[in-house]
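Dear colleague,

Please find below the sequence and the structure that I am handing over to you. My findings follow directly after them.

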Amino acid sequence: MKNKLKHFFVILTILLLIAIVDIIVYFTGGTKYVFPYLMLIPIIVSTLFYYTFGGIISAFIAGVFLAVLPIDSNLKIYQTPFNYISRIIILTSLGGVIGYLLKNKQKIKRKTGLETNIYNEKELLKEKVNRLLKSNTDFSLVFISIDNISEITSLLDNDITDFSLKFSKYLKQKYSNIDIYINTDFSLIFLLKNYSITDTENWIINFLDDINNNSFNINNISLFLKNYLIAINKNDINNFDDAFKKMITSLYYTKENKLDYFIYDDKAISSNYFTSELLSDLHKAIKKNELFIVYQPKLNLADNQIISAEALIRWNHSTKGFIPPNEFIPQVEKTTFINNLTLWIITNVINDLRKLKKQNINIKIAINISPRNLMSNLFLTKLFHILNNNKDIINNLEFELTERDIITEISSIKEILLKLQKIGVSIAMDDFGTGYSSLTNLKHLPIDIIKIDREFIKNLDNNKIDYEMVKSIINISRLMDKKIVAEGVETKNTLDYLTNLNCFEAQGYYISKPLLINKLQEFISNYNNKTFKVNNLILDPIY
Ligand code: C2E
Ligand code: CA
Ligand code: CA
């Protein structure tokens, strides 16, 4: 309707312009003067909208309008038929030629504007998919992502557009029964009409065999492609945009699980989707003040004083509520965002340590560090910059790395651990007992503290094996000059056992749940001044 109205107004304007020019020509003396040339205006306007057809029709009408006018209006001398018929023919041809040239120009522009073309391809596919969804036809979309595309394009002088066009042309010839579309990011999408899930899987297996066994040539260079194939069947598609979103999520899933191909499956994806969503939210969480740090005090068993605490992150998500660190930290650790997050924690801990120092509380604070942090030179540069600017705080910092991480990554992180130790940062081995390292090996590692995992601590008072193990760990570590911390202390009994075993420090709900910085300050002051005694078991920690 909107379109029809537009055409109506365009045509009306063109006709009006013709009539106006006609009147001007008449009142300025007739066709022998200069004003008939004004007729070119409505003709050109018409070609802009309707190209050749518009040019011919408008020029013909303009010619007829001029034909009825006299050569000289004052003397009432009329034109000869030869004159006006010739003019109609000339004008009509001119209108047609202008329209034709304009149309060709547009076509060339569309051809060279590859992105417009690719955009069109995606739009075409969108229309087709939405149409197929309304019909009874079963179909699948197969999305091909080429993982080594940057390698390939550098071989081909960085011509990614050339590559995508040639690759799609090659596939179109090979798989002529299948519709292939180029996506805006130059990946390809296949539309497999009348394919069930099983048919799709068979097709993918054959396709992968084919593409892996035969190299594909461009400019005489054989290219071996590393593809990921994602398929999604009609049953899992609500609309095109939904399919697209699912394909992108599936691509992450496929890469992360090192699969060659993946057929979309709601169950497999949903947990993964949740975490990708969480990760993207986490980027905003810092700015939105949804993240905060709590500190769990550690009790020195020799003098019954709190002289250290562990920093633990908390996330109060605006819509999903409280999210425990175990649900997002392992995912963040797979991405470089762990560097920003750890640096954020370190900066905040340093600020909090300063606040505590002002209140005459001089404790150590342990920060959980991911091995990925220590392998990133960007992280290390920023870390040493922060440490250099806070030299007076360095001795208050402790870095915790899990036993498993230290053992598996020791060759890459040993130098850094030594460097940190040298400038005064204490290094702790977290979750000791879960990483299967041998006690004698610990002697050679750059660690100051060993934190025994809570699994071994929780049954200390009623499991002989756990008791003996903890006892020997404490004794051997003392010989090696390493401090032992027991985590997960939940009862007075456990604490008493650890005191008798000469354990260095204890951490757990029995002593205190993790606390906000001002509560930590209060707790330490009260505890160390003996105005407060640990005698109650807190089973339900708020943080
Ligand atoms: P973790 O380093 O072993 O931290 C100790 C966990 O045990 C904490 O859980 C703490 O709340 C909990 N806990 C403390 N006392 C007791 C107790 O008596 N009994 C029991 N059952 N649990 C106790 P949380 O805070 O949920 O942290 C879980 C894990 O998340 C941490 O394990 C750590 O690996 C990771 N994490 C927490 N905060 C950070 C952080 O800031 N950065 C990094 N990279 N990881 C963090
Ligand atoms: Ca820890
Ligand atoms: Ca731990």
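D179 has a relative accessible area of 25% and is therefore partly exposed. Please note that this is a predicted model. The side chain of D179 forms a salt bridge with that of K128, at 2.9 Å from N to O. K128 belongs to helix 4 (residues 114-134) and D179 to strand 4 (residues 179-182), so this pair links parts that lie 51 residues apart in sequence. K128 is likewise partly exposed, at 23% relative accessibility.

A search of the whole structure gives 19 salt bridges. One of them joins the side chains of R354 and D392, at 2.8 Å from N to O. Here R354 sits in helix 11 (residues 337-358), while D392 sits in the loop between helix 13 (377-389) and strand 14 (397-402); the pair therefore ties together parts 38 residues apart in sequence. R354 is partly exposed at 31% relative accessibility, and D392 is partly exposed at 45%.

A further salt bridge, between D496 and K492, has an N to O distance of 3.1 Å. Both residues lie in helix 17 (residues 492-500), four residues apart, which is about one turn of the helix. D496 is partly exposed at 32%, as is K492 at 47%.

Finally, I41 is found in helix 2 (residues 40-67) and is partly exposed, with a relative accessible area of 45%.

With kind regards

How values were computed
Residues numbered from 1 in each chain as written. Chains lettered and ligands numbered in written order. Predicted model: local features only at pLDDT ≥ 70, side-chain atom pairs only at ≥ 80, totals over all residues. Heavy atoms only, no water. Helix = DSSP H or I, 4+ residues; strand = E, 2+ residues; numbered from the N terminus. Buried < 20%, exposed > 50% of the residue type's maximum accessible area, 1.4 Å probe, protein only. Salt bridge = Lys/Arg side-chain N within 4 Å of Asp/Glu carboxyl O.
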